[in-house]
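Welcome, and thanks for having your viewer ready. Let's walk through this model one selection at a time.

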Amino acid sequence: MRQRAAVSIESEVKRRRTFAIISHPDAGKTTLTEKLLLFAGAIQIAGSVKARKASRHATSDWMEIEKQRGISVASSVMQMEYRDQVINLLDTPGHQDFSEDTYRVLTAVDAALMVIDAANGVEPQTLRLIAVCRARNTPIITFVNKMDREVRDPLELMDEIESTLGIPCVPFAWPVGQGKLFHGIFDIRKNHMRVFTPGADRRREDDEVISGDNRDLLRSRFGAEFQQAEQEIDLVTTAAPSFDADEFLAGKQTPMFFGSAVNNFGVQEVLDALVDVAPHPGPRKAIEREVKPTEGKFSGVVFKIQANMDPSHRDRIAFVRVLSGRFEHGMKFKVLRTGKDFRPTSVVTFLSQRRDRVDEAYAGDIIGLTTHGGLQLGDSLSEGESLQFTGLPFFAPELFAAVELKDPMRSKQLQKGLMELGQEGAIQVFKPLLGSEMLLGAIGQLQFEVVQARLKGEYGVEVRLMPSRYSCARWVTSKNANDLRRFMDANVGRMVTDAAETHAFLATSRFDLDVMQKRWETIEFHPMREHA
Ligand code: G4P
């Protein structure tokens, strides 16, 4: 019986592909996501992802900010089945003010799909995301979008991507023409050309495919554009290395695709690549030991907490990446941080458009635990064993604001609101060791506005945010407990604790911080905290 269960966990793990889709805003992430769902048969009509975005806006006050600014604040999770594989797709906010959220989402995936706007190339927000993927050796698949527009030369784009990623691109396909003269995509590996016809309702079955052996036909029909593509393909196939699965999995090569998401063109090739080359979940390091995804016992980590979008339900959803074993309906978990058992009110999975009750889940899957508290970002969950998974980053904020309550009678609600928003990672909340004035820390200005709006909308608390004299925070540790105590005593007016009760030191400037670092040699000042 046990053996059968083990075999089935193994085959389920092998079926999983979990990836994030990353891009600079406007490159076409939402459009591509929707088309991937469409091609996988998870949704029937185009427009539903955008529609969902729109209806979400209408339901909650703070999402109004998103609507006004036309940016995507919340990440979401979608699961679909394609070619008998289970694909978990994690969306990431494109706006840089929410980059911390994106970094945390990237810790929950095994691969990334990078969307590049062919007219703009690699843009600033993509650069940061690439840096995070590179630091974790996350394999990246590249999709160059908007080939139906007047865009940049594909060789130049390939060069730019290679130099920013610092790894070679391996084109799986190459564009024939662009803009008004975009004729289609030549599939280098399958040696055929898929002819482009515009239209969002088109399915791949409708496409005309011409064999690459039919060169004369291709040359006469697609003229100068085909001849140029031929030369470029010759060049890239000679110069670029051939695809090496191990190199890709080690984050040392990126397969490159071209297409036009809005026209459903080049999308299925990407979906197929996700199944064919993207990795299934691998082992994860916990402080205690390495955990294999196929182990019989469940383990997982909370990488995101989000307030329910529906204001009539005050619960929150903790997004858990399953790391090993099998989740089963009704299961209770041990939360390592508290040592307590935790039984969520309900557990949901994210089947494309709907939230469904989840009956079982395996490594790679994302489950949403409905909670009224009790879980924090970075929490490790298990069936009993002490396993602390690391790697969920919290970055030292660069912007600070002091919170001033408009109505002093609502101080309790403020504490509750700030505690919950801090645990969610929407903002970092610091409590001074001396005094009672709470301090907020953010990476981007917009985080303050979101928190202010949510405090009002969800907790009925109106606050003014006042400028703070601090501009830099560092989490402090020391191998010498006495030195740490002396440091904290000497600087008690500048010491705070964060949502996870970890001690941090506040500095007014980099110079101030440098001075302190020199003065206190045995104290370590950390710009990033890794786990709760
Ligand atoms: P994002 O999530 O990365 O921010 O981008 P999103 O998909 O919302 O796309 C940004 C804009 O680019 C949208 O236009 C979208 O229609 C357009 N787009 C996406 N893929 C392609 C493509 O292959 N070719 C062309 N020409 N355009 C593309 P919009 O005008 O902002 O919105 P909409 O009114 O068209 O929905």
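Before the first stop, a word on classes: Ala, Val, Leu, Ile, Met, Phe, Trp, Tyr, Cys and Pro count as nonpolar, Asp, Glu, Lys and Arg as charged, and the others, Gly among them, as polar. With those classes, the shell around the ligand holds four nonpolar, eight polar and five charged residues. Please keep in mind that what you see is a predicted model.

**Stop 1: the ligand**

Select the ligand and the 17 residues around it; G28, K29, T30, T31 and S260 come nearest. Now colour helix α2, residues 29–39. With three residues, α2 gives the most to this shell.

**Stop 2: the loops with positive phi**

Step to D26, in the loop between β1 and α2. Most residues other than glycine have a negative phi. D26, though not a glycine, has a positive phi of about 85 degrees. Is D26 buried or exposed, or something in between? It counts as partly exposed, because it has 14 C-beta neighbours inside 10 Å.

Next, select N264, in the loop between β11 (254–258) and α10 (267–276). Its phi is also positive, near 55 degrees, and N264 is not a glycine either. N264 counts as buried because it has 24 C-beta neighbours inside 10 Å.

**Stop 3: helix α6**

Select residues 124–135, which form helix α6. Its 12 residues reach 17 Å from the first C-alpha to the last, close to the 16 Å expected at 1.5 Å a residue. Which residues of α6 are buried? They are Q125, T126, L129, I130 and C133. Look down the axis of α6: these buried residues fall within an arc of 135 degrees, so they line one face of the helix. An α-helix has 3.6 residues a turn, so residues three or four places apart point the same way.

Turn to the other side of α6 and you will find P124, L127 and A135 exposed. To see what covers the buried residues, show β1 (16–23), α5 (99–106), β4 (111–117), β5 (140–145) and α7 (154–165), which are among the covering elements. Just after α6, N137 takes a positive phi of about 55 degrees.

**Stop 4: confidence**

Finally, colour by pLDDT. The protein chain has a mean of 86, and 86% of its residues reach 70 or more. Over residues 52–62 the pLDDT is below 50, and this stretch has 20 contacts in the model beyond near neighbours in sequence. Residues 66–75 also have pLDDT below 50, with 24 such contacts. Where pLDDT is low, the predicted coordinates should not be read in detail. For the complex, the predictor gives an ipTM of 0.97 and a pTM of 0.83.

Terms used:
Residues numbered from 1 in each chain as written. Predicted model: local features only at pLDDT ≥ 70, side-chain atom pairs only at ≥ 80, totals over all residues. Near = placed C-beta within 6 Å. Helix = DSSP H or I, 4+ residues; strand = E, 2+ residues; numbered from the N terminus. Expected span 1.5 Å × (residues − 1). Buried ≥ 20, exposed ≤ 12 C-beta atoms within 10 Å, placed from the backbone. Arc of directions from axis to C-beta. Contact = placed C-beta atoms within 7 Å. pLDDT = per-residue confidence, 0-100.
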